[in-house]
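Here's a quick briefing for anyone opening this structure for the first time. Take a look at it, then read on for a tour.

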Amino acid sequence: MAEINSGSLSYKIKDTVAAIGMPTIIIAAFWLLTLVSGFFVGISMSALLSDTIKRAGMNGILVLAMVPAIQSGTGPNFALPIGIVCGLFAMVCSIEAGASGFGWLALSLAITIPLAALVGYGYGKLMNAVKGSEMTIATYTGFSVVALMCLAWLMLPFKNPKMGWFIGKGLRETIQLDAVGAAQILNNIMAFSIGDIIIPTGLLLIFGFFCLLVWFFFRSRLGIGISAGGINPKFAQATGLDIDRNRVYANMLSTVLGAVGIIVYSQSFGYAQLYTAPLMMAFPAVAAVLIGGATASRAKVSHVIIGVLLFQGLLTTALPVANEIFAGTDLSEIMRMIIQNGIILYALTQVKGGAK
């Protein structure tokens, strides 16, 4: 009887590990280890948790943009910079128009959603033309668009002095959003504290709202059709579904989420970063959703929430802990690169298999 119970417990543990995913368990354990280490070296736990919550809300919609692309069968959206550039363009257009505060936010969203949908349509058509090589082509497409926009930021005829260089033409690399009253406007909505832990309620609510939208979308007829095409394209096509059209819709949604995500990210960060800043932003987003339990062919909203918390929590916690452990040295930037790129590399090794 004892052997039977032991075997049953062993199977339950294996099932639990399989359900959660080994990568998720390892990253979660490492994060807890860094939190414990931070406590023993005297780092404020409330500051670490506050920063983790804020960064998760900042990056959440960018990670959420991975879900439609993955579900459609095109894989993780390494061309996320395309959507990010659309969002940045909308932000600078809103500043040029003289908008500020919530008016700036509303105008930026009004400009970026149709623009990103149009650009996403073209990107979706490209993905249909390169089936089998989506992730490779997407990566270089994103890089190419960022390079092209480096020229555009210098040549577009923006005149607002809050954005331009002090001498010469073109936009600055970093634009301060507090100059137009747009820095952290979502963070401060109904913000409150639990002890010393600051909860940016508005930021979390907007992230939760888009999570619900995507969750409901993939329970609609169109969303189910997109998922079915991603699971088994031949069977879905045999049932009458237009796989290519659904892939285009999914990539349009992914691009729009990327554009909205960078607006939410920038207002929380307090700056809009142009030129090469969007170049590598797809990789942390891809890593986060994979760490959360997604694979290259299946992703859920729950994977996004878990992944962004683990990824941003580990980055937020590990850096100050490393600075305390290696006191008197200048290893913070080196440690940041090792930790961030190590997590990304580990997560990307799961693309072909990954957690279930």
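This is a predicted model: local features need pLDDT of at least 70, side-chain atom pairs count only at pLDDT 80 or more; totals for chains, interfaces and linings use all residues.

Residues are numbered from 1 along each chain as its sequence is written, and side-chain values use heavy atoms, with hydrogens and water left out.

**The big picture**

- The protein has 356 residues, and 49% of them count as buried. Buried means under 20% relative accessible area, exposed means over 50%, and partly exposed is in between (1.4 Å probe, protein chains only).
- Take the contacts between residues at least 6 apart in sequence: 77% of them join residues at least 24 apart. A contact here means heavy atoms within 4.5 Å.
- The accessible surface comes to about 16,900 Å², and 68% of that belongs to carbon and sulfur atoms. Accessible areas come from the Shrake-Rupley method with a 1.4 Å probe; for residues, only the protein chains shown count as cover.

**Helix α3**

- Helix α3 covers residues 45-64, and Ser-46 is found in it. Ser-46 counts as buried because its relative accessibility is 16%.
- Setting aside neighbours within four places in sequence, Ser-46 is in contact with Asp-196 and Ile-197.
- With 20 residues, α3 reaches 27 Å from its first C-alpha to its last, close to the 28 Å expected at 1.5 Å a residue. That expected span is 1.5 Å times one less than the number of residues.
- There's also a kink of about 35° in α3, centred on Met-58. The bend at a residue is the angle between axes fitted to the seven residues ending there and the seven starting there.

**The nonpolar core**

- The largest nonpolar core has 91 residues, and Leu-64 and Trp-104 have the most contacts inside it. Helix α11 (residues 243-269) gives the most to this core, with 11 residues.
- Such a core is a set of buried Ala, Val, Leu, Ile, Met, Phe, Trp, Tyr and Cys residues joined through side-chain atoms within 4.5 Å.
- Leaving out neighbours within four places in sequence, Leu-64 touches several residues, including Phe-210, Leu-257 and Val-304.

**Two loop residues with positive phi**

- Gln-184 isn't a glycine, yet it has a positive phi of about 60°. Gln-184 is in the loop between β1 (174-176) and β2 (192-194), and at 26% relative accessibility it counts as partly exposed.
- Tyr-275, also not a glycine, has a positive phi of about 55°. You'll find Tyr-275 in the loop between β4 (271-273) and α12 (282-291), and its relative accessible area of 11% makes it buried.

**Aromatic pairs**

- The structure holds nine aromatic pairs. Rings of Phe, Tyr and Trp (its six-membered ring) pair if their centres lie within 6.5 Å; planes under 30 degrees apart count as stacked, over 60 as edge-to-face and the rest as tilted.
- One of the pairs is Phe-217 with Phe-218, edge-to-face at 5.1 Å centre to centre with 85° between the planes. Phe-217 is partly exposed at 23% relative accessible area, whereas Phe-218 is buried at 11%.
- Phe-269 and Tyr-271 also pair edge-to-face, 5.6 Å centre to centre and with 65° between the planes. Phe-269 is partly exposed at 36%, and Tyr-271 is partly exposed at 32%.
- Ring pairs link Tyr-265, Phe-269 and Tyr-271 into a cluster.

Methods. Helices (H or I, at least four residues) and strands (E, at least two) are DSSP runs, numbered from the N terminus.
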